[in-house]
Amino acid sequence: MSNSKLLEGKVGVVVGVANKRSIAYHIAKAWHDAGAKLIFNYQGERLKDGVLKLVHETFGEDTSVFPCDVSSDESIAEFFEQVKTVAPQVDCMLHSVAFAPKEALGGSFMEIKRDDFKTSLDISAYSLIALSRAVEPLMVDKGSIIAMTYMGSVKVIPNYNLMGVSKAALECSMRYLAYELGRTRRIRVNCISAGPVQTLAARGVAGFTKMFDVYQDRAPLQRSCEGEELGALGTFLASDGAASITGQVMYIDGGYSSTGM
């Protein structure tokens, strides 16, 4: 699926690549194929070697990868100081970060612990605000910020629990950011709401594999979505072709979200 160099000459920051199955990887690959220069993060020493290996094998040894812990304002500030050393301007940023303790993904929703709630909302939702605030000065010629979400933000998905609440907060934050950044800097902010994709993170949700059967039975296209299709949508939203699209949740799920029965 060709993106015809839609992002030629642009610089993209990708936050959240973990492995080749991650949604962030598929979108980053599409951005790269469309001509963008990319800058990546890794969160913590435990993930460092794996992310460096993946990025350098896929995007080239000269691709920049810097540490960034999205739960720390100081780490985010240091990350963008390093970004500025290799790219004085950023055109697009992908936020593909979410976390909820395993105990909060399944079981009783009422038994979710206060500290787990705070942690999930901080990493999954507030991080979009913090990263947007940090990247905003570098988006000197408009810009596009994209965050990843899921339908569990607006409808009950059994076992998604706390992550659904976090994604709802993420989507609401996206709309307020779109309003503020659009009026002051002409920066666009949108969410991509993907259907089930075989990622390691998704497998942490109990009953996840059953979702594919449901989509095959109920979705108009009888399936969810593929990584290449997510890449194409992510590239479009980062491109000038989406110049008037902001504050939106773009569903890519075979039409499942549009059905009632």
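This is a predicted model: local features need pLDDT of at least 70, side-chain atom pairs count only at pLDDT 80 or more; totals for chains, interfaces and linings use all residues.
The side chains of Asp33 and Lys29 meet in a salt bridge, with an N to O distance of 3.1 Å. Both residues belong to helix α1, which spans residues 23-33. They lie four residues apart, about one turn of the helix.

## Other salt bridges

Another joins the side chains of Glu57 and Lys53, at 3.0 Å from N to O. Glu57 and Lys53 both lie in helix α2, residues 45-59, and are four residues apart, about one turn of the helix. Glu57 and Lys53 are both exposed.

A further salt bridge is formed by Asp73 and Arg133, whose closest N and O atoms are 3.9 Å apart. This pair links distant parts of the chain: Asp73 is in helix α3 (residues 73-86) and Arg133 is in helix α4, 60 residues apart. Asp73 counts as partly exposed, at 42% relative accessibility. Arg133 likewise counts as partly exposed, at 45% relative accessibility.

## Packing of helices α4 and α5

Helix α4 covers residues 114-135 and helix α5 covers residues 161-185. Their axes come within 9 Å and cross at roughly 20 degrees. Angles under 35 degrees count as roughly parallel, and α4 and α5 are therefore roughly parallel to each other. Their crossing is right-handed.

On the α4 side, the residues in contact include Phe117, Leu121, Leu128 and Ile129. On the α5 side, they include Leu162, Val165, Met174, Leu177 and Leu181. By class, the contact of α4 with α5 has 13 nonpolar, five polar and one charged residues.

## Ala125 at the contact

Ala125 is located in helix α4 and is one of the residues of that helix that meet α5. Buried means under 20% relative accessible area, so Ala125, at 3% relative accessibility, counts as buried.

Leaving aside residues up to four places away in sequence, Ala125 touches Ser120, Ser166, Ala169 and Leu170. Of these contacts, Ser166, Ala169 and Leu170 are among the α5 residues that meet α4. The C-alpha atoms of Ala125 and Ser166 are separated by 6.1 Å, although the two residues are 41 residues apart along the chain.

Methods. Residues are numbered from 1 along each chain as its sequence is written. Side-chain values use heavy atoms; hydrogens and water are left out. Axes are lines fitted to C-alpha atoms, for helices over the stretch in contact, and angles run from 0 to 180 degrees between N-to-C directions. Helices (H or I, at least four residues) and strands (E, at least two) are DSSP runs, numbered from the N terminus. Angles under 35 degrees count as roughly parallel, over 145 as roughly antiparallel, 65 to 115 as roughly perpendicular and the rest as oblique. A crossing is left-handed if the near helix is turned anticlockwise from the far one by less than a right angle, and right-handed if clockwise. Contact means heavy atoms within 4.5 Å. Ala, Val, Leu, Ile, Met, Phe, Trp, Tyr, Cys and Pro count as nonpolar, Asp, Glu, Lys and Arg as charged, and the others, Gly among them, as polar. Buried means under 20% relative accessible area, exposed over 50%, partly exposed in between (1.4 Å probe, protein chains only). A salt bridge is a side-chain nitrogen of Lys or Arg within 4 Å of a carboxyl oxygen of Asp or Glu.
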